[in-house]
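Thank you all for making time this morning.

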Amino acid sequence: MLPVSYAVRNLARSPGRLVQLVLGSALVVLLILTAAAFQHGMSRSLRASGDPHTVIVLAAGSEESIQRSQVSPAVPGIVAASVPGLHRDLGREAVSGEVYHMGTVVTDDGEEHRGLLRGVTPAALRVHREVSLIDGHFPGPDEILVGRHAATSLGVDPTRLATGARLRFEGHEYTVSGHFAAGGTVLEAELWLDQRDLMAVTKRESLSAVYARMQSPEQRAQLALFCKQRLDLELAAVPETAYYGGLDAFFSPLRIMGWISALLIGGGAVFGGINTLYAAFSARIRELAALQAIGFSRRAIAWSLVQEAMLATAFGGMLAMILAVLVIDPIRVGFSIGVFSLAMTPEVLGLGLLAALALGLFGGLPPAWRCLAPPLPSALRAA
């Protein structure tokens, strides 16, 4: 085998081609990192939103969309009084009736923004245990509690949603009472209002869903049995993990399109890299033939050429990972029900490194083999 130092020295023989290879591979790896972070970030946000202890009670036939569901306001009290195994806090059952509404919010600069609003009561904090106040207080009448990523979801400057700011919704003015975090779940993109306020301005007479927290995941069947027994209420019980798992599957085509786009662009860059390597290796045909003449096998020489390609793409991969951590990692992306971050986790960065090495391996083999294919006498006479 040829020493690795031979491959390292050859990298500097053509600085222009080296820069081209490094930047090309960096572009491909950056696209792969972005696609992987997009898929991982969305899936992680949806998976984190499902609590195994929590069950969502919806109108029968609306199991796939909370916003279409209509549940009687009496259901939370009936569930709290009828279902065994409910979690209790300070003697109160963890049952919360809530209203979902996708509406238009007007900030103090007069701009309109679409956002997801949730009408809640203090009982919501007994169910959504991941929610914690960052500042301010729980919303009362004419107040809104803002999720920490709601500004990204609405597409507004965070200062427009500062505590004390004024927002308008359906002709009514509300004051921002504070901000909350929710452990990276989709709740962080929402605006929370007093349930009665939201029902009044949207002229609703029904809830969207009832959330119930059980003492253990095994007791979720008690709530499903209750819904089957009370046919008059026309209810269905869906574990929160199953609901958000269904949303994860629903958004999978979007993530697949991201992968396809990255691979198509990356494929073009790979073919460009193969052409560049072929031009670099073909200029050294006589040198490669001389190495064969002094006893090195074609396999050893081909491996040395692949090492050159892998070193160049590894440099490009490291450059891409640095750019990804500095530029892409802080980015948050909003979608219809929440916000997720393009987090460069160790798994995502590891995939980028593997992609860089694979680019060098599979991009370097075809031109290396092509340049070593001519018979030795012909290669030694090459111009």
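Predicted model: local features only at pLDDT ≥ 70, side-chain atom pairs only at ≥ 80, totals over all residues.

**A patch, a cavity and some salt bridges**

Helix H11 supplies six residues to the nonpolar patch, which is the largest share of it.

The patch itself lies on the surface and is formed by Val-19, Leu-23, Leu-319, Ile-322, Leu-323, Val-325, Leu-326 and Val-327, which together have about 700 Å² of accessible area. The elements that contribute two or more residues to the patch are helix H2, residues 15–49, and helix H11, residues 298–328. To take one member as an example, Val-325 is found in H11, and with a relative accessibility of 39% Val-325 counts as partly exposed.

Staying with helix H2 for a moment, I would point to Leu-31, which lies in that helix and is partly exposed, its relative accessible area being 23%. What is the distance in space between Leu-31 and Ser-261? From C-alpha to C-alpha the two are 8.8 Å apart, although 230 residues separate them in sequence.

Let me turn to helix H10, which covers residues 285–293 and whose buried residues are Ile-285, Leu-288, Ala-289, Leu-291 and Gln-292. When one looks down the axis of H10, these buried residues fall within an arc of 155 degrees, and so they line one face of the helix. After H10 comes Gly-295, a residue with a positive phi, near 120 degrees.

How many cavities of 30 Å³ or more does a search of the whole structure find? The search finds one, and the largest cavity holds about 40 Å³ of space. Its lining is made up of Ser-49, Arg-118, His-128, Glu-130, Thr-185, Val-186, Leu-187, Tyr-211, Glu-240 and Tyr-244.

The last topic is the charged pairs, where the structure holds twelve salt bridges, and I will go through a few of them.

In one of these, the side chains of Asp-89 and Arg-129 meet, with 3.8 Å from N to O. This pair links distant parts of the chain, since Asp-89 is in strand S2, residues 88–89, while Arg-129 is in the loop between helix H4, residues 124–127, and strand S6, residues 132–136, and the partners are 40 residues apart. Asp-89 is partly exposed at 23% relative accessibility, and Arg-129 is likewise partly exposed, at 42%.

Another salt bridge joins Asp-108 to Arg-160, with the closest N and O atoms 2.8 Å apart. Here too distant parts of the chain are linked, with Asp-108 in the loop between strands S4 (95–106) and S5 (112–120), and Arg-160 in the loop between helix H5 (150–154) and strand S8 (166–169), 52 residues apart. Of this pair, Arg-160 has a relative accessible area of 29% and is partly exposed.

A further salt bridge is the one between Arg-168 and Glu-173, whose closest N and O atoms are 3.9 Å apart. Arg-168 is partly exposed, with a relative accessible area of 36%, and Glu-173 is partly exposed with a value of 36%.

Methods:
Residues numbered from 1 in each chain as written. Heavy atoms only, no water. Buried < 20%, exposed > 50% of the residue type's maximum accessible area, 1.4 Å probe, protein only. Helix = DSSP H or I, 4+ residues; strand = E, 2+ residues; numbered from the N terminus. Arc of directions from axis to C-beta. Patch = residues over 30% accessible without salt bridge, like charges linked within 9 Å, V, L, I, M, F, W, Y side chains within 5 Å. Areas by Shrake-Rupley, 256 points an atom, 1.4 Å probe, with all protein chains shown as cover. Salt bridge = Lys/Arg side-chain N within 4 Å of Asp/Glu carboxyl O. 1 Å grid on protein atoms, 1.4 Å probe; cavity = no way out; pocket = protein on both sides within 12 Å on 5 of 7 lines; lining within 4 Å. Points joined across faces, edges and corners; volume = space filled by probe spheres on them.
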